[in-house]
Amino acid sequence: MTTSTSSRRLAGAAVLAALILLPAALASFQLYFVTIILVYTIVAIGLNILMGYTGQISVANGAFMGLGAYTTALLMSLLGLNVLPALVGAMVLTAALGFLVGIPALRIRGHYLALATLAFQLIVETVIMNWTSLTGGPNGQKVPDATLGPWTLKDLPLYYFVLLVALLAFLFARNLLRSRFGRALIGIRDHEVAATVMGVDVTWHKTFAFALSSAYAGLAGGLFAITVAFLDPLAFTVWESVKHLIMVILGGLGTLVGPVIGATLIAAAPELLRGFREHSLLIYYALLLMLLLFMPGGVASGLERLLRAIVTRRHASIATAPEPLGTGSAPGAKAVLSALAPVARSDGKPLLEVSGVGVTFGGLAALSNVSFTVSPGEIKGLIGPNGAGKTSMFNVLTRVYQPTSGSVVFNGQELLQVKAHEIVKLGLSRTFQNVEMFGSMTVLENVLVGMHHSLQASLLSSGLALGSQQREEREAVEKATAILKFLDLEGLKDAMANQLPLGTQRRVELARALAAGPTLLLLDEPASGLTHSEADRLMADVRAIRDSGITVLLIEHDMRFVMGLCDSITVLDRGEVICIGTPDEARANPRVIEAYLGKENASHA
Amino acid sequence: MPFAAGRGSRCASMEGGLEVSTVIQLLVNSLTLGAIYALVALGLVLIFKASHLINFGQGSWVMAGAYIALTLLLAGLPMWAVLILSPIAGGVLGYLLDILVFRRLSKASAWIFVVATLGVGGLLHQIASAIFEENVYAFPPMLSTEPQQVFGIFFTAQNLWVPGAALAVFGALYLFFEYTRVGKAMQAVAQNRIGAQIVGINLQAILALTWALSAGVSTVAAMLVAPQVGISPAMGLLVIKGFVAAAVGGFESLGGALVGGLLVAVVESLTNTFVSTAFKDVVVFGLLLAVMWVRPTGLFGHAATRRV
């Protein structure tokens with residue numbers, strides 16, 4: 001990928017150079033035009049973080065831009081502030097409001113969220129239009145001249161100022177999205193529950209995404225105000241929000257350059273469509289619909305796919321090659337795994353104690369009075385016929401379900417008070433029955449999400465790409481690569497997760513769960529869908545994992561797997577425990593046989 | 001303030017204070033407004049029930065319906081013909097939009113659909129602007145706008161016609177859903193899409209019919225509101241409060257749309273009279289925000305459970 005990275009850097013530098021030299025070639029009104037384009041790229045970058053990366057929808061972006069514009073102008077005219085503190089003030093206000101608007105996002109999604117943002121948009125429009133004494137109402141308002149040091153921000157100085165701000169905005173977003181925050185956002189978009197289990201605080205991240213995109217819109221609004229030098233409330237209506245949506249979709253959601261491309265094309269459209277001046281909006285909407293129907297990934301993703309087609313052709317041969325049957329004995333791996341894990345108790349007490357746990361859904365008791373323990377260092381099986389409540393038990397352990405009774409003590413700690421995204425910090429990590437891959441990320445990135453909770457870098461240090469954060473990322477990549485090596489996945493580390501066969505995806509999910517540094521690893525039907533040889537390989541891997549100091553609790557239907565691997569077994573049937581013992585004891589137990597095969601066979605045991 | 005309910009509303013002034021007659025006058029005025037909102041909400045509910053998605057461009061569909069009626073009227077057709085043919089033509093438009101756009105997005109994620117409905121709405125708006133420009137056209141009222149007075153309450157015949165027509169539409173749809181085969185098929189699709197297909201219901205046809213019905217209902221709303229506000233491309237924005245009505249009532253039932261429409265109209269009228277005209281929009285949209293915060297499924301909707 002180094003060739004690709006350096007060629008991207010080169011392209012970026014070339015674009016920047018062109019932008020710096022551009023004024024020499026343009027007339028004054030053309031320069032004004034390009035300045036407006038730059039302002040819109042800031043808007044698009046912000047909205048892309050919310051929609052493209054976090055997967056939340058907002059129809060309120062026009063309102064936030066308007067809020068930023070009016071706040072900046074009013075801070076300058078009423079309070080006499082200089083343009084820089086005025087812009088900062090605008091960003092603080094819009095970020096705070098964006099945070100508030102994001103709160104509904106925590107409970108509702110999709111179209112309900114869009115409605116909530118629509119409501120906010122309409123409220124802001126109405127307030128701006130009617131609070132005539134403050135905003136000038138429908139007549140608008142002049143914006144005072146902005147000065148920065150010796151320069152008045154008009155024409156050339158304004159252009160360079162906006163260019164600088166746009167560049168900083170782009171770099172900050174890029175750094176943030178490449179860090180653990182970006183991965184967390186994509187994780188939320190792809191599989192919220194899996195992201196939570198891996199330690200991502202979904203609530204915080206969603207409201208943060210709203211606040212950040214609003215701040216970007218507010219900043220752009222302020223720059224828009226000083227560029228146009230006049231505020232017109234009609235520039236910030238719901239149709240403006242739709243224009244922003246078109247920009248991010250056209251450019252390509254969830255890509256870094258997408259918003260830049262989209263903003264440029266849409267903002268430049270009035271010029272490009274000179275001939276159709278009057279109907280440019282009509283063309284916008286027709287274009288939008290075409291995009292949604294035929295190319296929802298936008299321009300950037302089309303380009304991306306082209307690039308990947310060239311790059312992954314080299315990887316394709318590895319993905320389809322037969323799996324090597326090594327035993328994952330890469331020497332560094334065990335050291336890495338043990339180093340990642342929190343220390344388990346060594347006082348002879350059980351690692352996990354489940355006592356009297358019950359879960360009811362309406363009238364159905366998924367689990368009733370379930371009690372069992374898991375000792376440190378063992379591989380324990382949790383088996384039972386379909387519907388017995390095994391996955392429900394796992395969901396209780398990872399706090400996805402709240403039990404109606406009972407208690408769970410892990411490593412000496414009462415688990416039921418702990419929040420879902422904090423479980424992984426205590427040393428509990430899991431895989432899922434239906435593989436919950438973060439499909440739009442690479443294998444390496446998926447594993448890095450597993451390390452989310454152990455990384456310390458703050459928002460600011462990530463956005464600014466400080467040395468400490470970069471170092472932490474490098475170390476994380478090293479550890480993640482070691483784990484991938486352990487599972488023979490290193491060659492696939494840059495492959496997109498959603499393009500892998502099921503067996504490989506399961507191994508990636510295992511790697512991700514290991515990267516979380518668990519003391520207790522929960523595996524939910526890990527052998528399901530695997531070929532015979534893949535299952536053998538998995539058995540060897542689980543043994544190696546246990547040998548490195550991690551305790552394992554697994555759900556499985558494959559009896560060969562269970563009998564060959566487990567030290568002890570708990571059997572569930574219809575939500576109740578019916579047997580606890582060694583695999584042989586379980587196999588001979590009449591109640592167990594009855595649960596699986598029916599009453600008549602039990603008497604033949 | 002566009003929705004003055006005929007000349008009869010002049011009496012809803014502050015002089016009466018909180019007299020019963022003032023409040024009753026307000027409620028009577030709200031009936032017209034409420035009927036419009038209820039019809040817009042109905043259009044939204046129809047789509048939501050069938051496909052669990054919200055048509056964010058519904059306002060533009062009302063506007064499109066108004067222009068269809070205008071075109072037929074300007075072509076010389078008598079009023080009664082316009083009243084009957086316009087919803088049918090509107091329905092055809094809805095059907096076409098389903099075939100061309102929405103049907104192809106049936107498997108897409110929520111945001112794609114939301115943006116698509118906004119896109120269609122915007123497109124309709126722009127086409128109307130392109131053809132008819134920004135002029136405001138007058139549309140004749142169906143019945144007289146002479147104020148009558150009964151027990152001190154003013155109203156006009158048009159004031160009664162609008163809610164009456166709306167109730168007729170609601171009633172007709174109710175009967176359609178309960179007592180016809182196609183109506184029941186639509187209910188089936190709303191409740192269990194896969195199950196409906198298994199028993200042989202043609203999903204595509206039902207969905208297309210739903211869009212047609214929604215567009216037809218929006219056209220009726222347009223014809224009822226047009227006499228008071230005139231026909232212009234910006235019409236859609238006037239009825240955007242229909243969204244609040246649908247949200248308040250919950251997107252899932254006819255009754256919800258009706259109650260929601262009335263409630264929003266009453267809130268708007270009360271705010272307009274006792275607080276200020278500028279504030280009424282903020283209060284109504286604030287109501288939408290509040291509903292989304294507190295109870296997104298509205299008064300009559302069912303909370304959806306999440307599968308893990």
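Chains A and B meet in a contact that takes 34 residues from chain A and 34 residues from chain B. The model is predicted. Chain A also holds an open sheet of six strands, and chain B has a hairpin formed by β1(B) and β2(B).

**Contact between the chains**
- On the side of chain A that touches chain B, α5 (110-130), α11 (238-251) and α13 (280-294) of chain A each supply at least two residues.
- α5(A) gives the largest share of that side, 13 residues.
- By residue class, the side of chain A that touches chain B has 28 nonpolar, six polar and no charged residues.

**Sheet in chain A**
- Its strand order is β10-β11-β12-β7-β13-β14, and the pairing is mixed.
- The edges are β10 (428-430) and β14 (576-581) of chain A; each has a single partner strand, so one side of each is left without a neighbour in the sheet.
- From one strand to the next, the twist averages 20°.
- β7 (379-383) and β13 (568-573) of chain A run parallel and are joined by four bridges.
- Within this pair, A:G381 stands opposite A:I569.
- Helix α22 (532-547) of chain A lies across β7, β11 (520-524) and β12 (551-555) of chain A.
- The helix runs at about 150° to β12(A).

**Hairpin in chain B**
- β1 (147-150) and β2 (153-156) of chain B run antiparallel, with four bridges between them.
- B:Q148 stands opposite B:F155 in β2(B).
- Two residues lie between the strands, and B:F151 takes a positive phi near 50° in this hairpin.

How values were computed
Residues are numbered from 1 along each chain as its sequence is written. Chains are lettered from A and ligands numbered from 1 in the order in which they are written. This is a predicted model: local features need pLDDT of at least 70, side-chain atom pairs count only at pLDDT 80 or more; totals for chains, interfaces and linings use all residues. Two strands pair if DSSP finds at least two bridges between them. Axes are lines fitted to C-alpha atoms, for helices over the stretch in contact, and angles run from 0 to 180 degrees between N-to-C directions. Two residues are in contact if their C-beta atoms, placed from the backbone, lie within 7 Å. Ala, Val, Leu, Ile, Met, Phe, Trp, Tyr, Cys and Pro count as nonpolar, Asp, Glu, Lys and Arg as charged, and the others, Gly among them, as polar.
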